[in-house]
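I opened my notebook for another model today. Here is what I looked up, entry by entry, so that you can follow along.

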Amino acid sequence: MYPASFDYLVPATLEEALETLGRYEDDAKVLAGGQSLIPLMKLRLAAPRALVDINRLPGLDTLAEENGGLRIGALVRHKTCERSDLLGGRWGTLGAAAPLISDPIIRNLGTVCGSLAHADPQGDWGSALLAMDAEVVTRGPDGTRTIPVGELFEGPFMTTLAPTEIITEVRVPDPGPVAGGTYLKLERKVGDFATVGVAVHLSMADGRVGRAGIALTAVGPTNLRATAAEEALTGSELTDGAIREAARLAAEAAQPYSDTRGSADYKRTVVRVFTERGLRAAAEAVGAPVPPAGQGEPVTTGEALEATERHDYFSGQGTVGGVMDELGDKPGGPDGGER
Amino acid sequence: MKVTVVVNGQERSAEVEPRLLLVHLLRDRLGLTGTHIGCDTTSCGACTVLLDGTPVKSCTMFAVQADGREVTTVEGLAANGKLHPIQEGFKEEHGLQCGFCTPGMLLASKALLEENPDPSEEEIRWALSGNLCRCTGYQNIVNAVQWTARKLQSDSATTGAS
């Protein structure tokens with residue numbers, strides 16, 4: 001498949017890149033890893049008049065802690081995150097997400113910032129970074145601004161970025177000394193888009209939850225924050241009851257739709273189970289006594305049966321709209337999840 | 001635009017449109033048809049080549065992006081009429097049936113062994129999870145990579161001793 005023709009520009013400086021984007025107004029795209037953009041161009045779902053290749057710009061490949069926080073530059077690849085010793089412990093949510101993104105060859109090229117700019121609701125970084133309260137730093141014709149990840153996503157594949165703006169890095173704030181988390185992802189096979197993903201992060205203060213971050217992948221028009229679940233946990237101890245209640249609230253926050261990957265009911269149940277598992281893993285990571293997985297609310301036979309009956313593998317019915325169906329579920333669509 | 005790429009150690013130049021994919025440069029312009037096009041949607045890994053030693057899907061990269069860089073294709077593996085050890089491994093352990101995925105498998109395996117000379121079975125399966133094979137069920141591919149790892153280790157032990 002051949003993309004439509006475009007001008008290819010390789011700026012030597014960020015200023016030159018911004019100037020070039022400005023020249024094409026809203027019709028140029030930034031090329032970083034290209035692992036989502038190029039498949040879209042090949043399918044002619046995107047046909048920009050120009051590509052501005054930022055891969056040769058200096059100084060955008062920083063992955064480092066700074067003043068207790070974390071900086072991830074625009075050219076940091078998924079692979080770099082996957083192999084970084086830095087992304088354990090307090091940054092465990094990010095370290096757990098990195099190796100689950102698409103497949104190893106895609107991870108060699110795809111970038112964290114590119115993934116955010118692509119704003120695929122099935123993308124993994126969006127949830128991991130939402131849960132960690134991250135913000136993106138952009139440069140544009142009017143200078144620098146920072147956008148919380150929660151305000152970056154506007155809808156499926158839509159962001160609040162101006163077409164003439166470039167994300168130069170992601171900044172994750174200092175989660176405090178006692179913090180940890182994880183990312184859980186259900187996928188049919190390596191390289192597939194997420195059926196469901198759940199990112200969990202906990203920052204502890206005096207044995208209680210100082211801040212909880214819970215964000216959901218592939219169950220809404222964007223990566224979603226489970227705000228009610230986060231609030232319910234804040235200030236509380238990590239008891240079995242608190243964890244199960246947060247998991248219930250997270251499932252309530254999900255807006256899943258039925259498609260070839262599963263029914264809405266099934267996905268909502270996975271959100272609940274993953275949130276619970278994620279919180280227990282996070283509790284262990286922060287050294288809180290891990291509550292036993294209570295007699296709890298396992299999936300009841302009735303619930304499971306109901307979900308199975310309603311599971312229509314071939315309908316591909318979406319409630320989010322045509323874009324998702326077209327991009328996500330069409331055979332031969334741009335497979336491979338986040339790039 | 002003019003691109004110059006070092007392909008299998010040889011400098012090659014071509015005048016290309018920016019939209020030309022790297023795989024088409026290799027196959028259609030340079031005649032290196034060992035790199036296969038499978039899914040053409042970034043899923044299957046049949047088109048995997050090494051870019052400066054790192055596996056990439058050549059259907060998901062423009063030729064102009066490879067300007068000034070080194071590309072290794074399956075044609076660059078054998079030297080002086082002698083198979084590369086990874087090719088020997090696939091031959092010895094019957095790591096292929098139809099052979100369509102094999103060029104990508106070979107290059108991804110080569111990159112793995114350069115980084116990790118003694119991978120576990122799980123590490124091999126993980127490293128090759130971006131390359132799909134519809135024939136083998138993967139078991140013989142894993143065996144082939146393990147065979148090669150042993151061979152390379154015993155070769156370097158021999159070289160070290162002499």
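**Chain B, overall**

I started with contacts in chain B: among those with a separation of 6 or more, 60% join residues 24 or more positions apart. I count two residues as in contact if their C-beta atoms, placed from the backbone, lie within 7 Å.

A note on the ground rules: this is a predicted model, where local features need pLDDT of at least 70 and side-chain atom pairs count only at pLDDT 80 or more, while totals for chains, interfaces and linings use all residues. Residues are numbered from 1 along each chain as its sequence is written, and chains are lettered from A and ligands numbered from 1 in the order in which they are written.

Next I listed the elements of chain B and found five helices and five strands. From the N terminus on, their order in chain B is β-β-α-β-β-β-α-α-α-α. Helices (H or I, at least four residues) and strands (E, at least two) are DSSP runs, numbered from the N terminus.

I then checked the dimensions. The C-alpha trace of chain B spans about 50 × 40 × 25 Å along its principal axes.

For burial, 46% of the 162 residues of chain B count as buried. Buried means 20 or more other C-beta atoms within 10 Å of the residue's own, exposed means 12 or fewer, and partly exposed is in between, with C-beta atoms placed from the backbone.

**Helix 3 of chain B**

I looked at residues 102-115 of chain B, which form helix 3. Its 14 residues should span 20 Å at 1.5 Å a residue, and its end C-alpha atoms are 20 Å apart, so the two agree. The expected span is 1.5 Å times one less than the number of residues.

How many residues of helix 3 of chain B are buried? I found 12 of its 14, so to speak a mostly covered helix. Among them are M105(B), L106(B) and K110(B).

**Where chain B meets chain A**

I found 23 residues of chain B in contact with 24 residues of chain A. On the chain B side, strand 4 (54-57) and helix 4 (121-127) are the elements that give two or more residues. Strand 4 of chain B gives the most, with four residues.

**Chain A**

Chain A has 13 helices and 14 strands, and 54% of its 339 residues count as buried. The domains of chain A are domain 1 (7-53), domain 2 (63-174) and domain 3 (179-314), with bounds from an automatic or database domain assignment.

A28(A) stands opposite A50(A) in strand 3 of chain A.

Methods. Pairing = 2+ DSSP bridges.
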